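Reader: I would like to learn how to read a few features of a protein model. Where do we begin?

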Amino acid sequence: FHRTLVAIRRATMHSTARTLGRRIVASAPRALVAVEAPGAAAGGGALTRGFARGYAASSCAAAPHRPFAARAATAGSLFAASAAFVTAAHLADRDGLPQTKAADPKVKLPFESVTLYQYDVCPFCNKVKAMLDFHGIPYDVVEVNPLTKSEIKFSEYKKVPVLVIDGEQLNDSSHIIATLNEKMCGAEGKGMRKGAEAEKEVKWGEWVDTRFVHVVTPNIYRTMGEAWRSFDYITERGNFGFFTRYLVRVSGAVSMYLISQNVLKKRHGIVDERAALYACLEDWMDNAVGKGAFCGGNAPNTADIAVFGVLRAVKTFETFVDAMEHTNVGPWYKRMEKEVGCATRTDAVEN
């Protein structure tokens, strides 16, 4: 009986702790919230699992004759408090976390309202979110239903991202990023790259759109299981009904898996998804970043921000874990986390 109870607790505590931890972070003051560093999810899970295992074993050993109901109630209350403490302490005290970047006061911004229409894991949308976060621009987010696209019925352009700034609609991620860069640099162009630096920025920005994104996408949908998990977000963040959410998840996972396997891989000459991804990241680190801290030298340029946005979009996927383990992109990614900071979206959801 005791071994069975331990097994049940082990199976449930990890999931409960992670859920509780996410709720704590969501409700914590903004100063506590930080973008998750590579490996943080695995590290946090290991810490919580270790705590859960230790508590479950010691609880059963210390009181083998207590009634089941009393022991279960005690376990539940102690676990809730302890998991909250462990998760919050882990986030607050862990070294090397990127610092929270507060949104710029509106008096400093060249515009009043910004709304992004997106798919949450779309790499092009995540390029734009990284740019907004980097500049500390507060923005509203509208999740678009991939089936009906009713949220962008006002637009003749039916792709995402769509960014609306003070009523002005901007389409295409690269155009949006260039426009934001110009607006934030002002009429005098302060901070804009020039000469060879500008050419390098443009070259690698185009590489993101023409090669990197098209290599990352088949990796996300490499197997049916990975495709299914990639649509987890739609059940949590979709602002539509229960039936529609699951319809989108099923149809999206199946269609993207088939498209990736039968269209994208052939179109872009990809045989082994992971090998192509590793080659892209090695190319980026060797020839774009080189011996500097960033592609932009001592500070990120828009190409750095674009690559970071695409990678951050998959940070909860197997694709990201494998990329960090099999390439040397990790240190650059951590530097970019600190430069970009936390999400400045107005719904306080982490990107």
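Author: We begin with disulfides. A disulfide is a covalent bond between the sulfur atoms of two cysteines. This model is predicted, and it holds 0 disulfides.

Reader: Is Cys125 buried or exposed?

Author: Buried means under 20% relative accessible area. Cys125 has 0%, so it is buried. Cys280 also counts as buried, because its relative accessibility is 6%.

Reader: What about Ala178: buried, exposed or partly exposed?

Author: Ala178 has a relative accessible area of 36%, so it is partly exposed. It lies in helix H5, which covers residues 173-185.

Reader: How far is Ala178 from Met131 in sequence and in space?

Author: They are 47 residues apart along the chain, while their C-alpha atoms are 9.8 Å apart.

Reader: How many residues of helix H11 are buried?

Author: Of the 11 residues in H11 (residues 302-312), 11 are buried, so this helix is largely enclosed by the rest of the structure. Among them are Asp304, Phe308 and Arg312.

Reader: Which helices do the buried residues of H11 pack against?

Author: They pack against H4 (123-134), H5, H6 (195-220), H10 (273-289), H12 (318-326) and H13 (330-340).

Reader: What does the side chain of Asn301 reach at the start of H11?

Author: A side-chain oxygen of Asn301 comes to within 3.0 Å of the backbone nitrogen of Ala303.

Methods
Residues numbered from 1 in each chain as written. Predicted model: local features only at pLDDT ≥ 70, side-chain atom pairs only at ≥ 80, totals over all residues. Heavy atoms only, no water. Helix = DSSP H or I, 4+ residues; strand = E, 2+ residues; numbered from the N terminus. Buried < 20%, exposed > 50% of the residue type's maximum accessible area, 1.4 Å probe, protein only. Contact = heavy atoms within 4.5 Å. Polar contact = N/O pair within 3.5 Å; in protein donor to acceptor, adjacent residues only side chain to side chain. Disulfide = S-S within 2.5 Å.
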